[in-house]
Each structure stands twice: as C-alpha cells, then as structure tokens.
Amino acid sequence: MAQTEKKGGLLRKSSASKKPLKEKVVLMYDEVFTTEDPSKNNPRFWEELFLMKVNLEYLEGKLEALDGEELMKIKDNINCLFQHCIQALGEEHPIRVVNALQTLCALIRGVHQKNKSTSGFDIINMLVGFDKAELCMKNLMESLDTLLCAEGSESLKSLCLKLLLCLVTVTDNISQNTILEYVMINSIFEAILQILSSPLSRREHGYDAVVLLALLVNYRKYESVNPYIVKLSIVDDEATLNFLSYSFLFRQYKDKEEEHQSGFFSALTNMVGSMFIADADEKISVQTNEAILLALYEAVHLNRNFITVLAQSHPEMGLMTTPTSPIPTTPVTPLGTTPPSSDVISSAELPLDADVQTSNLLITFLKYSSIVMQDTKDEHRLHSGKLCLIILTCIAEDQYANAFLHDDNMNFRVNLHRMPMRHRKKAADKNLPCRPLVCAVLDLMVEFIVTHMMKEFPMDLYVRCIQIVHKLLCYQKKCRVRLHYTWRELWSALINLLKFLMSNETVLLAKHNIFTLALMVVNLFNMFITYGDTFLPTPSSYDELYYEIIRMHQNFDNLYSMVLRISTNAGQWKEPASKVTHALVNIRAIINHFNPKIESYAAVNHISQLSEDQVLEVVRSNYDTLTLKLQDGLDQYERYSEQHKEAAFFKELVRSISINVRKNLAFNTLSQELLLKEFSTIS
C-alpha cells in the first residue's frame, strides 16, 4: 500500500513538470478559435460541445484576448457557434439548453467587451452575420419565449431572463444597443406577464422580469414606436395588473436575509415605523431599487388602469404562514444577480400592527418613500427620492387616484419613517389615527420640507414637493373635499421654509433661483386664503390660517423686504423677485389689517400679550372690513410631461440601472452541481 502511495507521489511529482492538461471543453473552444471549421474532422463536434460543462471564464477571456483583426478571421466560427447555440435551445435535453444559454451569455458579453468602440451593426455581424441576423434572432427570441412560458425548469427560466438582461445591458446606453431592435420586433411582453401571473414564477423570477420590462420600455422611447410601451399602456385586465403590482410589493419586502431589524428593507418587511437607520445600514445600496421604482413609475405613468390596483388590498402580506420546508439562507441564483425575493413572511416576524392586514401597494410605496427620501446626499438616493416624487406627482394628477386618496370611508394607519431630530420628540407609534391616504401623502411632504433645509439644498425635490401639495389642494378645491388634516403643520413647515430661504439668501442664490420656490410657497398660502372656505374642514380652520399668518408676520414682512430690494435693482433676479412681491399682496393685506386691530384690542383691555383665543376673537370680528384682491390661476397647474422636462434624468437613470444590472450578472457563479441535481432524473 505504501509503495503504491509512493509510486503515486512519484507520478505526481514527475507530472508537475509537464504542462497541465486542458479540460476537453477548453480544447473544443480552442478549435472554435481557429480559422478551420471545427466540425470538419468531427461531425459530432457541436453535439458534443453542448454536453460539456461551460467554462465561461475561459470563453470570455479568449474573446477579450483577440484583437479586432484576429476576431474577424474567426467570424465564421463565432457565427456558427452562435447559430448552434440557438439550435440547441430547441433540444429536449435540459443540460444542452443550459449550456447553450450560458455560451450565448459569454459570446454576447465577450464580443461586446471587445468591440466597445465599434458600432452596434458590427456586433451583430460578428455574432450572427448580417445575412442571417433576422432569422437567427427571430429563432432565438422564439426559443426564449417558449422556455419562459413552459411548465419546465425554474433554472432554465432564470437563465433565459439572465440572458435577456445580458442582451439588454451590454451597452451603458441601451438606446445604442442595436441588437434590441430584434427584441422589439419579436416581443416577449406576454412571456414577462405570464411569469408575473404565476405565484411560483413571480417569487423566483419577478424581480428580473420587472427590471427587464422597465429597461425594454426605455429603449428609444422618444424616437420610435416601442411595442413594450404600447402593450404596457393598454393592459386593462385587472388580474394581470394585480400580478404586476404584487411584483413591486413583494420585492420591497425582501432583503438579503438582513440580520439587523433596522435594515433598509427589513423595516419594510416587518412594517415597523419610526426606524432609526444605523450608520452600518446607511450604505445599503439603493441602485437596484431604482430599477424597481422605474418599473413602478412606467406602470403608473403609462397605464391609467394601473392606478386602480394601487389601492387593491394585499391581505396575504400579513396572513402568509411559514412554509413547512425550510427556506435556504442562500437562495439558488444561477447567474448571481440579487437573490429573488420571497413572498413569505414568517409569522414570527409579523408585528401586531393593525394596518398589516389592510395594506396595499400605495401604503408600501409611501413607507418606502419616507425611508428613501430621508437621505439625499448620496447620488443614488437622490435619484430614488426624485423618482418617488415623480411617481407621487403622477398620482396627484390622476382623478381616480385622488378620489381614492380622499375617500373618507377608506382609512388607513400609515407609519411613515420620521428622521430623528434633536428639536422634536419621537412620535408615538401606537396612537396613529386611521385617516384617508392623502393625509399620509401630505405628512410625507411636510416631513421632507422640515428635514432637508441644509447647505446642499435639494431645490428640485422641494419644488416637486410643493407641486404635489398644490395639486392635491386643487383637487380638494375642485371637488369641495373638506379634509380633516392638521393643516397647521403644513403652514408651519412652509413658513419655516421661507425663513430658511431668506436666512441663506446669498449661499442659495449662487446655485438656485429661490424666488421660484418662494413664489410657489406664497401661492399655496394664497390658495388657502382665496379658496380655503371651500376645502378647509371647519370655519375655525380658516381662522387658524389667519392666526398663523399674523403670528408669523415677521417672516412675511422680511420676505417682502427682500424681494422688494431685489426687484428694484437691475439684475438677473429682478423679474422672479417682482412676481413674489405681487403674490404677497393679500398676505400683507391680512397682516396690515389685523395687526392694528389686535394692538388696539390689547391696549383697550390692558393685556400685554394676547392668547390664541383672544387673537382669534379679533380675527373673527374683523373679517367684514378686510379687502382682498382676487388672484387668477391659483387653482391651475402645468401637467407632468416626461419627454419635455425629464428626458435627461431618465436617460441617466436608465444608464445607471443598466450598468448596475450588468455588474451584478456574474455568470461564473452558476452552480452546475445544483443544475445537475435538478435534472438528475433525466436519462
């Protein structure tokens, strides 16, 4: 026995000096990378190749090692390999199909990596050849469509989606990816919807499917007719729309098995409010979530019918039971993107919270937004915050959404995240009132206004916040909805915002036109003054508005002094400042009318400082002598338009998502052992 071991050792020692043996699949790849037809000497070459375990690293490395001329010399063999991969997708043997899918991924990535500087048409020629491109790509898309819609292996479906994501994201700017023309011509929209309609497929592949759809919708969306935009915009089947909404919802309730309950997604999973985000959690990437937000935006923006499912209750969020089989801590992710989410929430993790049983996508989105919008210093969170506000803008403009938001018979507890601040107490979570959802939207806007007054002032986000509030008020005025809301919190936040703008005039004016924002804030007050009697809940609410204006009159006086000073001097801010001057006319009239009356009342009654009730008494008894000017256009607004105002933002956002998705498509993490185990019953 000892001799055998010694002999074996000697053999091993002697073999060390020789070149290491190449595995057979590598030798076969080497044959492909010659100018000779590899099947010339071996007619079964292609048949054997797809039975071999794919060596992705070697194949991609080989492609990248060649220069342009060398690659052109073996173009016929590359074309042949690509075509045989497509043929193998129609095979009954799943191992062949898996290997063909992986090989296609490597070819697409490798050739694109090598030809970054060349045009897309060269890439098509290199992969399939111009003469056969249309037919080959048609066959490829049909095969992928068949695999995605079949009842078969979930691993195959996962690989198909990874291949499609690979195909879509090989270029940073997806609109420059000419191969996508074939994905437009041979649509897989129905296959994506079918994946989302099956609970099992949705759980396994929902994230990839939704991200794929979001990216495809953004391919040349302003330049040509995109069939994915057309099809998404006309989906009117409620069940299908519900399936789509589930995909957004469940993704939000999954983190990568977060250990800490204060994590970014675990907080959403457990429906816990008033979280304190720990420093360790601040670095949780929100880049992949931009993809989900983009998909949600496209659904809300393109499909008016989707608005209806925002309000659909998803009771199973809180009623799911723990599965009998244990959930693996590391889900099977064939190509290494973010693990697919699980629809299951452990019963042990569920809080005893009244709103869990009656939640919906809109509540989930509002809670999610309250977390995303807390920190806008990071570029990706800034993008996510902006996207959240754009989605809310679309919702605030929609008649049906507004009807649901303001429905007094549909009340919810929405536990928004509130940023910890030294000067305010932590809100009592247990005493949240049940209110119409519009109250949560307004709370979210107030929270943002109060918590983002800083040197790196997010002007664009503030403008969007004020616009959302204005659009909600326009609906309330139009439909005479008397909302029982703590309006004082909004008024106080707006006045503090004006105070901040004045205090930081020099710093802010170097970067922003603060008068546009100031005008919007002043006009919100004008809206309340002019039309408040039609939508404020009680006459006393209207009195309180006047009380707040009078109490904080110094801020309005200072604002008037500032805009008057700037509007009387020649300069770039003359015109916008003068608009604010004119807009302040009624607020100044209120202050100038009531202040002398209050001072007179105090003098007659020998009171040094009046109480709130005494001031309100003076206000109520002096309305009849107050003269206000009627201001036009307060209840009008410009509707949201993506193409004219947001095209640059979405182009950059899609670029960022494409880069991130591509980065996370790590093909070398595919576990061949797991696939073999899955197909072990196949003879």
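1. Start with Thr103: setting aside neighbours within four places in sequence, Thr103 is in contact (heavy atoms within 4.5 Å) with Phe50, Val54, Leu59, Leu81 and Cys85. Thr103 sits in helix α7, residues 94-114. Helices here are DSSP runs of H or I with at least four residues, strands are E runs of at least two, and both are numbered from the N terminus. With a relative accessible area of 3%, Thr103 is buried; buried means under 20%, exposed over 50%, and partly exposed in between, using a 1.4 Å probe and protein chains only.

2. Some ground rules before going on. This is a predicted model, where local features need pLDDT of at least 70 and side-chain atom pairs count only at pLDDT 80 or more, while totals for chains, interfaces and linings use all residues. Residues are numbered from 1 along each chain as its sequence is written, and side-chain values use heavy atoms, with hydrogens and water left out.

3. Now the overall picture. The chain has 35 helices and zero strands. Of its 683 residues, 55% count as buried. Take contacts between residues at least 6 apart in sequence: 78% of them join residues at least 24 apart. The accessible surface comes to about 31400 Å², with 52% of that belonging to carbon and sulfur atoms; areas are from the Shrake-Rupley method with a 1.4 Å probe, and for residues only the protein chains shown count as cover.

4. On to the aromatics. Rings of Phe, Tyr and Trp (the six-membered ring for Trp) pair if their centres lie within 6.5 Å; planes under 30 degrees apart are stacked, over 60 edge-to-face, and the rest tilted. That rule gives 22 aromatic pairs. One of them is Phe515 with Trp573, a tilted pair at 6.2 Å centre to centre and 50° between the planes. Phe515 is in helix α27 (residues 514-535) and Trp573 is in the loop between α29 (553-567) and α30 (574-583), so this pair ties together parts 58 residues apart in sequence. Phe515 is buried at 1% relative accessible area, and Trp573 also counts as buried, at 18%.

5. Elsewhere, Tyr485, Trp487, Trp491, Phe528 and Phe535 make up one aromatic cluster.

6. Next, salt bridges, meaning a side-chain nitrogen of Lys or Arg within 4 Å of a carboxyl oxygen of Asp or Glu. The whole structure has 31 of them. Arg435 and Asp443 meet in one, at 2.4 Å from N to O. Arg435 is partly exposed at 21% relative accessibility, and Asp443 is partly exposed with a relative accessible area of 21%. Salt bridges that share partners also join Arg44, Glu47, Glu91 and Arg96 into one network. Within it, the closest N and O atoms of Arg44 and Glu47 are 3.3 Å apart. Arg44 is partly exposed at 46%, as is Glu47 at 36%.

7. Which residue forms a salt bridge with Glu642? The partner is Lys221, with the closest N and O atoms 3.0 Å apart. Glu642 lies in helix α33 (residues 642-645) and Lys221 in the loop between α13 (199-217) and α14, so to speak a link between distant parts of the chain, 421 residues apart. Both Glu642 and Lys221 are buried.

8. Lys221 turns up again over a ring: its charged end sits over Phe650, 5.6 Å from the ring centre. The rule here is NZ of Lys or CZ of Arg within 6 Å of the ring centre and within 35 degrees of the ring normal. Lys62 does likewise with Phe33, at 6.0 Å from the centre.

9. Last, the surface. Val225, Val230 and Ile234 make a nonpolar patch of about 300 Å². Patches take residues with over 30% relative accessible area and no salt bridge, joining like charges within 9 Å and nonpolar side chains (Val, Leu, Ile, Met, Phe, Trp, Tyr) within 5 Å. Ile234 lies in helix α14, residues 227-234, and is exposed at 57% relative accessible area.
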